[in-house]
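Please read the following report alongside the sequence and the three-dimensional model.

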Amino acid sequence: MSDYRIPCRRCLLDGISREGIERKITEYLSSLSEEERTPSALYSERLAVCESCASLENGLCRECGCFVLYRAGKAQASCPLMKW
């Protein structure tokens with residue numbers, strides 16, 4: 001059996017500020033084509049659902065481990081709990 005363990009996303013981000021993470025996510029979402037990106041109003045609706053969800057912790061979804069800012073911003077993405 002291997003000793004290899006996949007570190008959590010939080011551990012991979014040690015030393016990066018919250019602002020730095022948000023900036024990287026914003027830069028990535030800005031680089032998406034119009035078709036790939038969630039329209040602004042829908043993005044806000046998705047984030048509102050995530051903000052009220054018990055599975056949100058420090059900007060991460062405990063169900064799938066994603067950054068909700070990232071997932072909500074991709075048009076073809078969906079909530080792992082099917083809330084949006």
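## Terms and basis

In what follows, buried means under 20% relative accessible area, exposed means over 50%, and partly exposed covers what lies in between, with a 1.4 Å probe and protein chains only. Helices (H or I, at least four residues) and strands (E, at least two) are DSSP runs, numbered from the N terminus.

This is a predicted model, in which local features need pLDDT of at least 70 and side-chain atom pairs count only at pLDDT 80 or more, while totals for chains, interfaces and linings use all residues. Residues are numbered from 1 along each chain as its sequence is written, and side-chain values use heavy atoms, with hydrogens and water left out.

## Overall architecture

The chain has 4 helices and 2 strands, and along the sequence these elements follow the pattern α-α-α-β-β-α. Of the 84 residues in the chain, 24% are buried. Where contact means heavy atoms within 4.5 Å, residues 24 or more positions apart account for 57% of the contacts with a separation of 6 or more.

The chain exposes about 6200 Å², of which carbon and sulfur atoms supply 53%; accessible areas come from the Shrake-Rupley method with a 1.4 Å probe, and for residues only the protein chains shown count as cover.

The expected span of a helix is taken as 1.5 Å times one less than its number of residues. For the 14 residues of α2 this gives 20 Å, in agreement with end C-alpha atoms that are 20 Å apart. The buried residues of α2 include Gly20, Ile21, Ile25 and Leu29. As a general point, an α-helix has 3.6 residues a turn, so residues three or four places apart point the same way.

Helix α3 (residues 40-51) has 12 residues and reaches 16 Å from its first C-alpha to its last, close to the 16 Å expected at 1.5 Å a residue. Within α3, Arg46, Leu47 and Cys50 are buried. They lie on the same side of α3, because they cover an arc of only 100° around the axis, the arc being that of the directions from the helix axis to the C-beta atoms. The cover over the buried residues of α3 includes β1 (56-57) and α4, whereas Ala41, Glu45 and Glu51, on the other side of α3, are exposed.

Thr38 is placed in the loop between α2 (18-31) and α3, and Thr38 is buried, with a relative accessible area of 7%. Neighbours within four places in sequence aside, Thr38 is in contact with Tyr43, Arg46, Ala72, Gly73, Lys74 and Ala75.

Trp84 is in the segment after α4 (68-73). The C-alpha atoms of Trp84 and Arg46 are separated by 6.5 Å, although these residues are 38 residues apart along the chain. With neighbours within four places in sequence again left aside, the residues in contact with Trp84 are Arg46, Val49, Cys50, Arg71, Ala72, Ala77, Ser78 and Cys79.

## Salt bridges

The structure holds 2 salt bridges, each defined as a side-chain nitrogen of Lys or Arg within 4 Å of a carboxyl oxygen of Asp or Glu. In one, Glu34 pairs with Arg37, the closest N and O atoms being 3.9 Å apart; Glu34 is exposed at 62% relative accessible area, whereas Arg37 is partly exposed at 28%.

In the other, Arg62 pairs with Glu57, with the closest N and O atoms 3.5 Å apart. Here Arg62 is exposed, with a relative accessible area of 52%, and Glu57 is partly exposed, with a value of 40%.

## Positive phi angles

Most residues other than glycine have a negative phi. Asn58, in the loop between β1 and β2 (60-61), has a positive phi near 55° and is exposed at 51% relative accessibility. Met82, in the segment after α4, likewise has a positive phi, of about 60°, and counts as exposed at 67% relative accessibility.
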